Every structure is written in structure tokens, then in C-alpha cells.
Amino acid sequence: MRQMKPVRVIAVTSGKGGVGKTNLSVNIGVALAKAGRRVAILDADMGLANVDILLGMFPEFNLSHVLTGEKTLKEIMMTGPAGVKIIPASSGIQRMSDLSSVEQAGVIRAFSEIDKELDVLIVDTAAGISASVVNFARACQEIVVVVCDEPTSLADAYAYIKLLNRDYGLNSFHIITNMVQSAEHGQALFNKLSKVTDRYLDVALQFVGAVPQDDYLKKSVQKQTPVVEAFPQSKSALAIKNLARKIDHWPIKPKAGGYLEFFVERMIQYSAREDVA
């Protein structure tokens, strides 16, 4: 019997690098795990994988070994803080469009074998608007865009949302403002972005919340330990735990794309279209 409750698949992304996206992915994942959810994080940054570095982990295998059949998905997954499972990055994902039908079925089956063991899959994408980043976002149920108070961050976030909206028909985005001076500052930053999208795009932005600038967050990065574990009462940790609570209460979308194999099927489908184009 298949489980009836689908896995929540969330893309955490940004238009611009350096906004703290991966740090938020890891800390939100750990906060959800501490709240009793079974969480995995897929490091989808093919060029500059950072999830393992943030956690002081040294993966021996990655998704490319699953694609070649050398390892199962369970065998490459590493266990991080609070039991969060880490799926290490691999340039192998970029060859999804080249997989044979048998290989495609194998990858889909690999993910379907773990869907009974997960409640949430967080997909930490690369920065920018490359085809790979866009395909990951399109394949996920929910898209979280992280922005900070820099003109380039806001401009790139807008460009990213515009691309997904106008070219692919996506119209729902969650926004997290990071490294802000206060909750009011974070809200104002969201309002600035929302004002532009409301004027020019047919999208709905939902404000998830703000994470303050915090020296403890920097210290946790140096310790290679999530701030929600290293300094659980710090301003940033409390804010991130609040974000995790909100995310945990998002309604699960009823369409069939909830199971992990549908996520992978879409990834292969979109990659193949991009390859043809």
C-alpha cells in the first residue's frame, strides 16, 4: 500500500547568490526535524555544493552513483543534525536528459522507495536563473525565494519570478527576507518587491517571515553547526523556528505531484525539453 500523505517538496532559491539561502535551507530543515517531521535536503547546486560544508560533512558518494546504478539512494544519503537526511550534490543530475528509459525508471524508483520515510524534501537550488535552477523550481510543489536588502537581490528575485511566471505559468511564490535589521525592515523589504510584482506580473507573493542579522548566525557557520542547534535562543534561531512552523502548516496541494517520483519525473521531463530546445 502506498502512503496516502504526499511528501511536501519545497524549492529554496534566490535570484542572487550570497543571500544566505543554503543556511536557511539547512536550518529550516533541522527546525522541522526537531518538530517531529522526517526531512531530507537535496543539495541541487551543481557548481558550488554547500550543504555538506555548512554541516562539516564529507560525502563519499552522491547522486551520480545512483544514476550509474553503483549505489542506492539510501546508500548515498547522509544523516545530519536532528536526523535530517542529506542527499549530496552531483553534476550527474545535469545528465538526466540523457538517461535511457530504463535509467529514468531506476531513478524514479530510487526516490519512490524513500517517500514513505519522508514528510518534507527541501531542494536547495543554485543561485541564478539557469535552466537547471528553473527546472528544479518548476518540479517542486512550493517555491521559496530568499531576498536581502540589496538592490541586486531584489532585482534578481524579480527577474527570477518574472521568468517563472511569464515563461512557465507559475504564479505562487513564498518570500523570506534575510539578514534584516528588524521584523519591520523585513516586511518593508517584502512590500517593496510585492509592489513591483503586483504592478507588472500576474503573481501572488506570500510573506513567510524575516530572519534578522545576527552574529550568532555567523558563529554557527564557523562552527559548521545549524544556528537552531548551536544557539537555539538567538534571534535568528527563534525567527527560523517560526518560519518552520509556518511552513509546516502550509496546506498540502491535492494534485498528484506530491510523491517524490512525480518530482523526479518532472525533473527528467523538463530537462529533456530543455535539451531538445
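## Exercises on a predicted model

Helix α1 (residues 21-34) packs against helix α11 (residues 235-248) at an angle of about 70°, and their axes are 9 Å apart. The model is predicted: local features need pLDDT of at least 70, side-chain atom pairs count only at pLDDT 80 or more, and totals for chains, interfaces and linings use all residues. Residues are numbered from 1 along each chain as its sequence is written, and side-chain values use heavy atoms, with hydrogens and water left out.

**Exercise 1.** Describe how α1 and α11 are placed and which residues meet.

Solution. Two packed helices are described by the angle between their axes and the distance between the axes. Axes here are lines fitted to C-alpha atoms, for helices over the stretch in contact, and angles run from 0 to 180 degrees between N-to-C directions. Angles under 35 degrees count as roughly parallel, over 145 as roughly antiparallel, 65 to 115 as roughly perpendicular and the rest as oblique. The angle for this pair is about 70°, and α1 and α11 are therefore roughly perpendicular to each other. Next, take the contact (heavy atoms within 4.5 Å). From α1 come L24, N27, I28, A31 and L32, which meet I240, K241, L243, A244, I247 and D248 of α11. By class, this contact of α1 with α11 has 8 nonpolar, 1 polar and 2 charged residues. For these classes, Ala, Val, Leu, Ile, Met, Phe, Trp, Tyr, Cys and Pro count as nonpolar, Asp, Glu, Lys and Arg as charged, and the others, Gly among them, as polar.

**Exercise 2.** Compare the span of α8 with the expected value, then find its buried residues and what covers them.

Solution. Helix α8 (residues 183-200) has 18 residues. The expected span is 1.5 Å times one less than the number of residues. From first C-alpha to last, α8 reaches 26 Å, close to the 26 Å expected. Buried means under 20% relative accessible area, exposed over 50%, and partly exposed in between (1.4 Å probe, protein chains only). In α8 the buried residues are H185, G186, L189, F190, L193, S194 and T197. Their cover includes β6 (142-147), α7, β7 (172-180) and β8 (204-212).

**Exercise 3.** Locate M179 and Q224, and give the phi of each.

Solution. Most residues other than glycine have a negative phi. M179, in strand β7, has a positive phi near 60°. At 27% relative accessibility, M179 counts as partly exposed. Q224 lies in the loop between α9 (215-223) and α10 (227-230), and its phi is positive at about 55°. Q224 has a relative accessible area of 36%, so it is partly exposed.

**Exercise 4.** Is S220 buried or exposed, and which residues does S220 contact?

Solution. S220 is found in helix α9. Its relative accessible area is 1%, so S220 is buried. Leaving aside neighbours within four places in sequence, S220 is in contact with T225, P226, V227, A230 and F231.

How values were computed
Helices (H or I, at least four residues) and strands (E, at least two) are DSSP runs, numbered from the N terminus.
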